[in-house]
Each structure stands twice: as C-alpha cells, then as structure tokens.
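This briefing is intended to be read alongside the sequence and the coordinates. Please keep both at hand while going through the points.

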Amino acid sequence: NTKVAYKDWDLSMSGRAVLGNFVYNNAASNSSIQSATTNDYLQNIYSTAAQYKFQSPQYFSDIFIENASFFRLDNINLGYNFKNILSTNGNMRVYAMAQNVFVISKYSGVDPEVFNGIDNGYYQLPHVYSLGFNFQF
C-alpha cells in the first residue's frame, strides 16, 4: 500500500504479490486434447495439446502444473480536494478509482489466483471503474 499527497492532490495504490505459487491447470487438461492431433484450425486449445500431441487425456500429468506466481494491482485511487466550497468550512473531494487494475504472471490460465490449487476455469475478477464525490460541510 502507498499513499502520496501533493498540495490538493492525493494518489493511493494497493497491490500484492504471491511468489512460489503452483496451480494445476485443469482447464488445459480438459481442453480438446484429442482434437489437436486431427485439426490444426482449433483456436480454443492450450499450447500443451498441440505440443505433446496426446492421443488420450492425461489428467494426472505434471505437465499441467504451472508456475502461478503473480503481482496484482488491486486498487488505484486519484483524488483532488476543493476547499471552501459553499462556505468557509465546506470541502469537496473528487476522485477516480479503479479496482483489479492488472495482473502480471506467466500463468497461461485466466487468473493465477485460484482456490485449492486447481484451476477449473472460472470467471476472472471484473475490472471496476468509479468516479466519486465527498462533501464536508
């Protein structure tokens, strides 16, 4: 976490990292492995399917265990404070905020942050953008 203020501006960010995390990419193990050997035009298969050309599913292979270390910028907030609005004691702060800004990872799945160490292909976290106003009287 960090917060920086300069005159009437403020900027805060929150991020986190996980190192040494490994995930079993179950979505890759369940992809069209057999189809990769017969159809070169499929776009929804993982690179391991075409690379190893399995003739049958290999669910217990350690090929699908991937390094899922990551850095995620969870939150960024930029604001400006207007002083003496409507009265000598009135203040207003206008801010813009973004949540789930980005993820840096070499993991080939959707999101390296999965529960129980098995990626079953769930939806990724949404990016949220908001604009806000705080009034003090």
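The structure is a predicted model, in which local features need pLDDT of at least 70, side-chain atom pairs count only at pLDDT 80 or more, and totals for chains, interfaces and linings use all residues. Residues are numbered from 1 along each chain as its sequence is written, and side-chain values use heavy atoms, with hydrogens and water left out. The protein contains 3 helices and 8 strands, where helices (H or I, at least four residues) and strands (E, at least two) are DSSP runs numbered from the N terminus.

**Overall architecture**

- Along the sequence, the elements follow the pattern β-β-β-α-α-α-β-β-β-β-β.
- Of the 137 residues in the protein, 27% are buried; buried means under 20% relative accessible area, exposed means over 50%, and partly exposed lies in between (1.4 Å probe, protein chains only).
- Among contacts with a separation of 6 or more, 66% involve residues 24 or more positions apart, a contact being heavy atoms within 4.5 Å.
- The protein exposes about 9,600 Å², of which carbon and sulfur atoms supply 57%; accessible areas come from the Shrake-Rupley method with a 1.4 Å probe, and for residues only the protein chains shown count as cover.

**The sheet E4-E3-E7**

- An open sheet of 3 strands has the order E4-E3-E7, with mixed pairing; two strands pair if DSSP finds at least two bridges between them.
- Strand E4 (65-67) and strand E7 (118-119) each have a single partner strand and stand at the edges, so one side of each is left without a neighbour in the sheet.
- Strand E3 (residues 22-25) pairs with E4 in the antiparallel sense over 3 bridges.
- Within this pairing, Val23 stands opposite Glu66 in E4.
- In general, strands of a sheet pair through backbone hydrogen bonds, either parallel or antiparallel.

**Salt bridge between Lys83 and Asp8**

- The structure holds 6 salt bridges, each defined as a side-chain nitrogen of Lys or Arg within 4 Å of a carboxyl oxygen of Asp or Glu.
- One of them joins Lys83 to Asp8, with the closest N and O atoms 3.5 Å apart.
- Lys83 lies in strand E5 (residues 70-83) and Asp8 in the loop between strand E1 (2-6) and strand E2 (9-18), so this pair ties together parts that are 75 residues apart in sequence.
- Lys83 counts as exposed at 57% relative accessibility, whereas Asp8 is partly exposed, with a relative accessible area of 22%.

- Glu113 forms a salt bridge with Arg16, the closest N and O atoms being 2.8 Å apart.
- This pair links distant parts of the chain, with Glu113 in the loop between strand E6 (91-105) and E7, and Arg16 in strand E2, 97 residues apart.
- Arg72 also forms a salt bridge with Glu113, at 3.2 Å between the closest N and O atoms.
- Here the link runs between Arg72 in strand E5 and Glu113 in the loop between E6 and E7, 41 residues apart.
- Salt bridges that share partners join Arg16, Arg72, Asp74, Asp111 and Glu113 into one network.
- Arg72 is buried, with a relative accessible area of 1%, while Arg16 is partly exposed at 32% and Glu113 is partly exposed at 27%.
- Not counting residues up to four places away in sequence, Glu113 touches Arg16, Phe70, Arg72 and Tyr122.
- Glu113 and Phe70 are 43 residues apart in sequence, and their C-alpha atoms are 8.2 Å apart in space.

**Positive phi angles**

- Asn84, in the loop between E5 and E6, has a positive phi of about 60 degrees although it is not a glycine.
- Asn84 counts as exposed at 51% relative accessibility.
- Asn100, in strand E6, has a positive phi of about 55 degrees and is likewise not a glycine.
- Asn100 counts as buried at 10% relative accessibility.

**Nonpolar surface patch**

- Leu86, Leu131, Phe133, Phe135 and Phe137 form a nonpolar patch on the surface, together with about 680 Å² of accessible area.
- Patches are made of residues with over 30% relative accessible area and no salt bridge; like charges are joined within 9 Å, and nonpolar side chains (Val, Leu, Ile, Met, Phe, Trp, Tyr) within 5 Å.
- Phe135, one of the patch residues, is located in strand E8 (residues 128-136).
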